[in-house]
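Here are my notes on this one, written for someone opening it for the first time. Have the model on screen while you go through the points.

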Amino acid sequence: MPDGSRGRTLSAQAGLTALVVDDEPLVRNVATIMLEEARLTVLSAENGREAIDLFEQHGDTVGLIVLDMSMPGLSGTETLRELRRRGCQAPVVLSSGMDERDAMPISSDPRVLFIQKPYSMAALHATVDRALALR
C-alpha cells in the first residue's frame, strides 16, 4: 500500500484486504461480514495452514490480519510466527475467548493487538482502527 495510506483509520481504508483466520465458521463469517461492512476486502481461512497459503498467494495485498489464538493444528501464535517469517508486516488483531493477560503471548511486536471474543462490530472496528494506525 502506498505510504500515503499509513496511519489512516478503518473508515479511510475502503478496499484494504484483511485476512480473517478462525476455525469456528460462525466467528469467521461474522468477522468477515463486520469487516466487509466497513468496505474492506476479506480473505478467510479456517486454520493456520490455509492462512499461510492465502498469504503466499495474496501477501502483497494483505494489510490486516484478524487471527484466532486457539486453533487445531497451528495455533494463532505459531501461525503469526510463520507469517512474520514469510515477510508479513501487516498489523494483527489476535482474538480469544480468554482474557488478554491469559491469551496474549509475550511479544515485543507493537503491531499485535488483542480483542476478546465475543466482540461487537463496534469493538472490532475500534481495534482494527488502532491496528491500522500502527501501519
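1. Start with Asp 109, which makes a salt bridge with Arg 84, their closest N and O atoms lying 3.0 Å apart; the term stands for a side-chain nitrogen of Lys or Arg within 4 Å of a carboxyl oxygen of Asp or Glu. Asp 109 sits in the loop between helix H4 (100–103) and S5, while Arg 84 belongs to helix H3, so the pair ties together parts that are 25 residues apart in sequence. Helices here are DSSP runs of H or I with at least four residues, strands are runs of E with at least two, and both are numbered from the N terminus.

2. Are these two partners buried or exposed? Asp 109 is buried at 17% relative accessibility, and Arg 84 is buried with 17% as well. For the cut-offs, buried means under 20% relative accessible area, exposed means over 50%, and partly exposed is in between (1.4 Å probe, protein chains only).

3. Before going on, a word on what you're looking at. This is a predicted model in which local features need pLDDT of at least 70 and side-chain atom pairs count only at pLDDT 80 or more, though totals for chains, interfaces and linings use all residues. Residues are numbered from 1 along each chain as its sequence is written, and side-chain values use heavy atoms, with hydrogens and water left out.

4. Helix H3 (residues 76–85) also holds a pair of its own: Glu 82 and Arg 85 are 3 residues apart there, about one turn of the helix. Their side chains form a salt bridge with an N to O distance of 2.6 Å. Glu 82 is buried at 16%, whereas Arg 85 is exposed at 60%.

5. How many salt bridges are there by this rule? The count comes to 8. One of them joins Lys 117 and Asp 68, at 3.1 Å from N to O. Lys 117 is in the loop between strand S5 (112–116) and helix H5 (121–132) and Asp 68 is in strand S3 (residues 62–68), so this pair links parts 49 residues apart in sequence. Lys 117 is buried at 14%, and Asp 68 is buried at 3%. Both belong to a network of salt bridges that also takes in Asp 22 and Glu 24.

6. Stay with Lys 117 for a moment. A cis peptide bond joins Lys 117 to Pro 118, with omega about -10°. Pro 118 is in the loop between S5 and H5.

7. Now look at how helix H1 (residues 25–37) meets H5: their axes come within 10 Å and cross at roughly 65°. Axes are lines fitted to C-alpha atoms, for helices over the stretch in contact, and angles run from 0 to 180 degrees between N-to-C directions. H1 and H5 are therefore roughly perpendicular, a label that covers 65 to 115 degrees.

8. Who makes that contact (heavy atoms within 4.5 Å)? From H1 come Ala 31, Met 34, Leu 35 and Glu 37, and from H5 come Met 121, Leu 124, His 125 and Val 128. Glu 37 is exposed at 56%. The C-alpha atoms of Glu 37 and Met 121 are 9.2 Å apart, although 84 residues separate the two along the chain.

9. Last, check Arg 39, in the loop between H1 and strand S2 (41–45). Its phi is near 70°, a positive value in a residue other than glycine. Arg 39 is exposed, at 57% relative accessibility.

How values were computed: Parallel < 35°, antiparallel > 145°, perpendicular 65-115°, else oblique. Contact = heavy atoms within 4.5 Å.
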